[in-house]
Amino acid sequence: MSIFVITYYSLLLAGSTAAAFFNKRSIFTLLFSLTLVSFVVGIIGGPGGLRAIAICAGILALAAMVSYSFREFLIMLAGPEVAKELRTAPLTAAFGMFVIFTYAITGIFAPWIAPFGEAEVISSAFAPADENMLLGADQLGRDMFSRLVYGTRNSVGLALTATCLAFFLGAGAGLLAAVKGGWFDQLMGRIADVIMSIPSLIFALLMLSIFGPSMPVIICAVAIIYAPRVFRLTRAVAGNVVVMDYIEAAKLRGEGTGYLIRREVLPNSMAPLIAEFGLEFCFVFLLVAGLSFLGLGIQPPTADWGSMVRENATLISFGDITPLIPAAAIALLTVAVNFVVDWMLFRSSGLKEH
Amino acid sequence: MNKKKEVLLEIKNLRIEGYSDEKWVDIIKGVDLTLHRGEVMGLIGESGAGKSTIGAGAMGYARDGTRISEGSSIEFDGMELTTATESEKRALRGARIAYVAQSAAASFNPAHKIIDQHTEAPLQYRLQKRMEAQEDAMDLYERLRLPHPQEIGFRYPHQVSGGQLQRAMTAMAMSCRPDLIIFDEPTTALDVTTQIEVLAAIRDIVDQFNTAALYITHDLAVVAQMADTIKVLLKGEEVEEASTEEMLKNPREDYTKSLWAVRSFESPQRQRPKDGVPLISLQNIDASYSSGPKILDDVSFDVYEGMTVSVVGESGSGKSTAARVITGLLPPSKGEVLFKGTPFTHDYRDRPKDELRQCQMIYQSADTSLNPKVKISEIIGRPAQFYSGLKGADLKARVDELLDLIELEPSQYYNRYPSELSGGQKQRIGIARALAAEPTFIICDEVTSALDQLVAEGILRLLDRLQNELNLAYMFITHDLATVRSISDEVVVMQQGKVVEQGAKDDMFKPPHHPYTDLLLSSVPEMDPNWLTTLLEERGVENLGDAAAAKIAEK
């Protein structure tokens with residue numbers, strides 16, 4: 001038995017015994033079940049299997065530590081009101097915020113971070129990673145890492161703009177429909193139904209093949225596809241607000257629709273809308289990536305995660321993980337945004353943990 | 001009375017903590033309570049006094065976000081509930097301890113028939129077979145004097161009235177013949193005429209089965225009818241406990257005395273000006289909601305400058321609809337609303353700003369009438385800005401002036417949000433918002449009914465003072481006759497969309513009355529513990545409450 005295996009088991013056992021001694025049930029259950037699993041893995045997979053478990057646990061612990069420190073960091077920076085809210089954030093939400101923060105920095109400072117240009121050919125096709133190129137080269141010999149960094153800017157920027165536009169259209173129409181009611185409400189509702197009845201990918205492909213795959217067209221097409229969902233949510237939320245007495249008081253005062261929406265209805269429907277924004281952002285992002293993968297999204301040579309997956313897809317058959325890296329970037333951002341949204345939904349729903 | 005035999009429930013040093021702002025705070029600070037078999041104890045206090053929390057605690061139950069602290073002891077019939085397991089406690093609840101909630105309408109499941117919900121507990125505990133349980137239910141319905149006891153149980157909750165539902169709920173609590181029932185404000189949401197029926201029914205049935213009860217309420221007159229002993233609570237602590245007679249005659253503590261004295265405020269009666277034009281005059285108003293039945297039927301009454309007109313009646317009598325017609329939210333289908341002799345535009349959307357500002361409204365629930373996301377300064381400042389075009393320093397001065405008027409320190413409240421205020425303070429902000437428009441006429445829709453009696457009296461005094469200072473006219477919509485007595489100059493009694501009687505207050509409280517007014521007046525509970533008994537003897541059961549109201553309406 002190697003020293004590694006012995007240290008591995010003794011650490012786990014010592015940990016679980018200590019947890020049992022100090023009456024920490026959940027920690028004990030976790031550690032001891034891990035020990036039992038390790039016995040099985042150890043027998044089947046040998047030290048290699050155990051090493052994999054150790055690495056996974058290490059990464060998890062690292063992520064947890066980063067999230068914890070990042071949360072403390074934010075609490076330190078924020079004002080007292082926000083800090084109080086932040087303290088309620090679970091580690092997953094802090095992790096999500098950290099990832100989003102990293103992506104934002106990467107996207108904003110892409111030209112400074114990336115060692116090469118996004119369209120710059122610097123080596124032979126599919127060159128392996130070396131000290132110059134962190135992640136190797138793509139099918140044309142461009143630096144994978146630089147393209148990934150620029151991709152953050154393009155993919156995330158595009159998805160963000162499209163989501164914002166979808167919200168502007170959807171929430172605006174939803175609020176107006178809730179406040180006005182009557183035929184306007186009906187009309188908007190039916191328009192939303194019509195748009196929603198067309199499958200989103202087919203609608204996007206149709207629009208893009210008619211108007212050509214340029215940035216503004218992609219943004220508009222995606223915004224139109226997602227606006228009806230935002231409309232439905234906003235109208236439902238605002239519908240609960242417009243029946244309140246303070247809205248009646250404002251109406252009786254003679255306030256116009258603009259003031260009603262801006263000062264009375266919108267502030268009271270904000271929480272679910274923000275949560276929805278996070279969710280929709282993920283869907284939009286995936287749709288944009290999907291369009292790029294099909295070749296109708298952002299056009300080459302502009303770096304984009306979706307098309308990067310497609311262009312390097314051939315490498316999969318050689319057992320190389322390069323095409324999976326942009327895919328992982330997409331997955332990580334989606335998961336991170338969802339972590340944050342989960343926390344916000346939890347807060348706005350007013351649920352308490354038991 | 002041979003009720004005081006055996007101790008049923010003994011609570012010692014009960015402490016319940018609630019979790020707020022990341023700390024555990026004491027809500028109940030060490031309350032002792034002893035309840036004998038067949039005894040009824042009244043728990044009274046303002047909201048936030050911990051009455052309901054103690055009621056739930058008596059079942060060994062702590063709501064989400066609260067916990068019973070160590071060192072508390074709740075002993076029910078020899079069994080310690082604080083250490084009992086969840087399944088042991090569950091076996092007690094429903095079977096031996098039952099609970100009647102404030103809002104029966106919200107507590108019944110709307111998707112099941114009443115009798116199916118009634119028989120759930122006996123079937124669950126295998127006390128009775130379904131048919132037996134149903135027969136027992138009908139028997140209970142009869143004892144509680146529900147109409148058509150044989151078939152009322154087969155209706156759905158929305159098909160019976162609020163008072164009937166509350167009695168059905170009491171019957172349901174009785175279904176397993178529990179030793180203890182906890183009544184949590186069972187009549188607070190009901191009209192006076194309905195309340196009296198429910199009270200009589202509850203008292204009878206508790207008596208018949210010798211059930212012990214905890215009766216939680218904030219209404220002293222109600223508790224005086226129901227309870228053998230009264231315990232007064234304040235902020236989670238016991239103020240005093242005594243038998244009902246003793247407590248009513250000689251309350252010891254100052255706080256209790258202040259509760260007793262609360263109904264003493266009465267503003268002097270004002271007379272109509274001899275030859276004035278009424279400020280607001282409703283003339284033969286008919287109104288209905290979207291071609292439904294008529295809600296208002298030929299309603300006419302006048303409100304003179306600087307006077308208070310109270311509109312009383314049960315829920316559904318059309319009081320609030322009259323207010324909606326005046327404000328223009330519901331254009332009348334016939335008739336005219338005159339303002340100083342000139343007709344008001346029917347629809348509020350067509351009214352010019354100057355008409356809109358004349359007539360302001362104060363709502364029942366301050367929680368829904370103030371925008372929770374807007375600061376006090378803007379809530380009050382907006383009407384002043386909107387109507388008078390005030391800006392900057394002028395606007396701030398005006399808001400400060402208004403806050404002074406409603407007796408709130410401007411510097412302290414200027415930047416707060418509504419959620420940072422108490423119920424009474426919120427209602428004051430609502431008043432300030434109405435005043436900010438500089439109106440001549442204010443509609444007060446049940447402004448005090450959601451408030452504790454002490455706070456409500458403060459609001460009434462404030463409204464009276466403002467009326468004298470600013471020469472305002474009020475239309476006071478209420479079902480509480482004590483409020484009517486204290487603030488109004490004239491009274492309009494409404495029943496089923498019609499005005500049945502109107503006149504000056506002093507005349508209205510003296511006989512002869514219209515039979516409906518008489519019914520309303522006689523249904524208001526009084527402090528005398530024998531009031532209900534005497535009234536039942538005088539009039540008989542069938543001449544009280546809804547039954548009587550229906551008879552009058554038929555004539």
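## A walk through a predicted two-chain model

In β19(B), B:I477 is the residue that stands opposite B:D445.

**The open sheet of chain B**

B:D445 lies in a pairing of two strands: β18 (residues 441-445) and β19 (residues 473-478) of chain B run in the parallel sense, joined over 5 bridges. Both strands belong to an open sheet of 6 strands in chain B, with the order β17-β18-β19-β14-β20-β21 and mixed pairing.

Helix α18 (residues 423-436) of chain B lies across β17 and β18 of that chain, and it runs at about 175° to β17(B).

**A hairpin in chain B**

Elsewhere to look in chain B is an antiparallel pair: strand β12 (residues 280-288) and strand β13 (residues 294-303) are joined by 6 bridges. Here B:L282 stands opposite B:F301 in β13(B). The two strands form a hairpin with 5 residues between them, and in the turn B:S290 has a positive phi of about 30°.

| Strand pair | Direction | Bridges |
|---|---|---|
| β18 (441-445) and β19 (473-478), chain B | parallel | 5 bridges |
| β12 (280-288) and β13 (294-303), chain B | antiparallel | 6 bridges |

**Chain A, built from helices**

Now turn to chain A. Its secondary structure comes to 13 helices and 0 strands. The C-alpha trace of chain A spans about 80 × 60 × 40 Å along its principal axes. Of the 354 residues in this chain, 35% are buried. Among contacts in chain A between residues at least 6 apart in sequence, 65% join residues at least 24 apart.

Helix α6 (residues 144-180) of chain A packs against helix α7 (residues 182-197) of chain A at an angle of about 145°, with the axes 7 Å apart. The crossing of α6(A) past α7(A) is left-handed. From α6(A) come A:A173, A:L176, A:A177 and A:K180, which meet A:G182, A:F184, A:D185, A:M188 and A:G189 in α7(A). By type, the residues of this contact divide into 5 nonpolar, 2 polar and 2 charged.

**The nonpolar core**

Which residues have the most contacts inside the largest nonpolar core? They are A:V222, A:V288, B:L214 and B:Y215, in a core of 232 residues. Leaving aside residues up to four places away in sequence, A:V288 touches A:S155, A:L158, A:A159, A:A162, A:I218, A:V222, A:G297 and A:G306.

**Where the chains meet**

Finally, the two chains come into contact through 13 residues of chain A and 18 residues of chain B. On the side of chain A that touches chain B, α10 (245-253) and α11 (257-293) each supply at least two residues. Of the elements there, α10(A) gives the most, with 5 residues. That side of chain A divides into 5 nonpolar, 3 polar and 5 charged residues.

Technical notes
Residues numbered from 1 in each chain as written. Chains lettered and ligands numbered in written order. Predicted model: local features only at pLDDT ≥ 70, side-chain atom pairs only at ≥ 80, totals over all residues. Core = buried A, V, L, I, M, F, W, Y, C linked by C-beta atoms within 7 Å. Buried ≥ 20, exposed ≤ 12 C-beta atoms within 10 Å, placed from the backbone. Helix = DSSP H or I, 4+ residues; strand = E, 2+ residues; numbered from the N terminus. Contact = placed C-beta atoms within 7 Å. Axes fitted to C-alpha atoms, helices over the stretch in contact; angles between N-to-C directions. Left-handed = near helix turned anticlockwise from the far one by under 90°. Nonpolar A, V, L, I, M, F, W, Y, C, P; charged D, E, K, R; others polar. Pairing = 2+ DSSP bridges.
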